[in-house]
Amino acid sequence: MSPASVSRVMNGTARVSESVAQRVREAIAKVDFHPYDLAAGRARRTMGIVGLVIPDVTNPFWAEVALGAEEALRPHGYGLMLSNAGDSLEREEDVIALLRRKRADGALVSAMRNASRALHRLRDAGTAVVLLGLGADDGTFDLVTADGGRGIYLTTSHLLDLGHRRIAFVGGPPDQATSVDRRAGYERALAERGISPPPAWIAEGPGWGHQAGGERARELLARRALDGPERVTGIVAANDVLAFGALGALDAAGRRVPDDVSVTGFDDLPLAALCRPPLTTAAQFSRERGRIAAQVLL
């Protein structure tokens with residue numbers, strides 16, 4: 001049997017007799033042969049790889065996004081390559097450049113604003129790109145995201161409806177589009193009730209994780225924003241993980257939730273239901289977001 005016949009059966013590039021095809025399949029099964037993807041990919045001009053570039057692999061929100069993306073990609077023969085960019089623009093650009101060198105077929109990217117140049121180079125090299133956040137959106141990429149401003153508007157409005165009037169905001173980096181969008185939702189909800197939040201109610205800074213949430217809550221405590229007759233009675237966190245961190249810091253400081261202060265998040269992660277009391281949050285359907293982004297990419 002010639003190598004050409006084996007290749008035709010494996011690649012389906014030409015018809016061969018059923019007897020030859022059966023012999024090839026039996027031989028492949030016997031030796032447990034798997035084709036060399038790199039060589040095959042070069043021949044087909046596709047590598048079967050989609051990169052997922054996210055800021056924090058430890059954030060369970062991104063784990064849900066990855067699961068949704070993988071569910072959509074796997075039936076089409078694509079594998080997901082996970083890359084953690086952190087909060088470093090340099091690292092993010094290195095990761096995007098790596099996808100270009102590896103000739104990734106596609107990239108799902110949650111990027112900073114300044115990363116758009118690297119993303120344009122990636123797309124110009126033939127890699128399809130779909131954004132998962134507002135950071136690098138310049139109007140030329142497909143974008144699949146949640147309306148974070150609307151989500152935080154809803155959680156803030158919920159606290160207002162419960163009678164809270166002094167509500168603090170725990171956010172991420174103030175120079176990132178996502179944080180700006182979510183703080184705007186918080187401020188809009190307060191403005192509709194005639195409330196203008198003083199600077200002491202706003203706690204923003206680097207990071208979106210559990211540690212950052214704890215640091216933000218401790219800032220509010222250090223400012224004594226949660227003390228006295230005019231104390232804050234509600235905290236709106238820009239995501240669930242920030243809220244988890246804030247809950248831990250409040251508990252360590254002896255503050256009872258919700259008796260002393262109420263806390264809300266935004267994500268509706270599975271962990272939100274495991275908090276005691278369960279975290280009040282708004283859903284942004286993270287797994288569905290990953291699935292839809294992968295479908296757009298395909």
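Author: Here is a walk through the rings, then the serine. This is a predicted model, with local features needing pLDDT of at least 70 and side-chain atom pairs counting only at pLDDT 80 or more, while totals for chains, interfaces and linings use all residues. Residues are numbered from 1 along each chain as its sequence is written, and side-chain values use heavy atoms, with hydrogens and water left out.

Rings of Phe, Tyr and Trp (its six-membered ring) pair up if their centres lie within 6.5 Å; planes under 30 degrees apart are stacked, over 60 edge-to-face, and the rest tilted. That rule gives two aromatic pairs. Take Phe 61 and Trp 62: their ring centres are 4.8 Å apart and the planes sit at 80°, so you'd call this pair edge-to-face. Phe 61 is buried, at 6% relative accessible area, and Trp 62 is buried too, at 8%. (Buried is under 20% relative accessible area, exposed over 50%, partly exposed in between, using a 1.4 Å probe and protein chains only.)

Rings also turn up under charges, meaning NZ of Lys or CZ of Arg is within 6 Å of the ring centre and within 35 degrees of the ring normal. Arg 123 puts its charged end over the ring of Phe 141, 4.1 Å from the centre, and Arg 188 lies over the face of Tyr 153, at 4.0 Å from the ring centre.

Now the serine: Ser 262 is buried, with 12% relative accessible area. Its contacts (heavy atoms within 4.5 Å), leaving aside neighbours within four places in sequence, include His 164 and Thr 233.
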